[in-house]
Amino acid sequence: HASYAVILVKLERIPEAVKYALKSFKKPDATLVLAKALQEAAAHDDALKVAEAGLGLASDADDETDGLVIPLAHWLRDYAGGIGKSALALKAARAAFDHSLSLEDFRAVQVWAGDAWNAIREDLLAHLARAPHAYDRTRIYLSEGLIDDAVRSVGERFGYGAHDETLMRVAAAAHTSHPDW
């Protein structure tokens, strides 16, 4: 599907390529390929439109699409932000975090959230708390000063998967409030 749409772009049949993509694409990686081709063709609004639609092709229940939507979300965040589309950059940053649960993506949302950061932060932390697996969970809690949550994330249902460096940071942060831990 992506190759066909890219050929349409090269043939300067951009509206047809966009229509085809919006109707036919089922995976975010195909969307990223077309969005980049549209960007190269200076069809900026179409590139943004296709990429934004691609964010919706990932589902929370499908681990396979998580890995495909993250690069799309990163690209869209950076591209939209670079051309002054802050709201779209924020939407893409949130999508990246929702699927990666990484500290870096958490921080990227903060960059684009502006005055709305406190409310958005609470949503992100709630999403993080509900996630069955989150490699950076403890690091995010520590970065936000949530020592109790960081301690629980290491020792409870999430297992003992934290790296030694992260465990040392938890121990250092918690030694006053949790001496028995």
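Author: A salt bridge here means a side-chain nitrogen of Lys or Arg within 4 Å of a carboxyl oxygen of Asp or Glu. This is a predicted model, where local features need pLDDT of at least 70 and side-chain atom pairs count only at pLDDT 80 or more, while totals for chains, interfaces and linings use all residues. Residues are numbered from 1 along each chain as its sequence is written, and side-chain values use heavy atoms, with hydrogens and water left out.

Reader: How many salt bridges does a search of the whole structure find?

Author: Side chains of opposite charge can pair when their charged atoms come close. Searching the whole structure for such salt bridges gives a total of 10.

Reader: Glu-52 and Lys-91 pair up, so how many residues apart in sequence are the parts they tie together?

Author: Their side chains form a salt bridge at 2.8 Å, N to O. Helices are DSSP runs of H or I with at least four residues, numbered from the N terminus. Glu-52 sits in helix 4 (residues 44-55) and Lys-91 in helix 6 (residues 86-100), so the separation of the linked parts in residues is 39.

Reader: Which helix holds Asp-105, the partner of Arg-77?

Author: Arg-77 and Asp-105 meet through their side chains in a salt bridge of 3.4 Å, N to O. Arg-77 belongs to helix 5 (residues 63-82), and the pair ties together parts 28 residues apart in sequence, because Asp-105 lies in helix 7.

Reader: Is Asp-105 buried or exposed?

Author: Buried means under 20% relative accessible area, exposed over 50%, and partly exposed in between (1.4 Å probe, protein chains only). Asp-105 has 4% relative accessibility, so it counts as buried.

Reader: What is Trp-75 in contact with, leaving aside its neighbours within four places in sequence?

Author: Contact means heavy atoms within 4.5 Å. With those neighbours within four places set aside, Trp-75 touches Leu-32, Ala-35, Lys-36, Gln-39, Ala-47 and Ala-51.

Key. Helix = DSSP H or I, 4+ residues; strand = E, 2+ residues; numbered from the N terminus.
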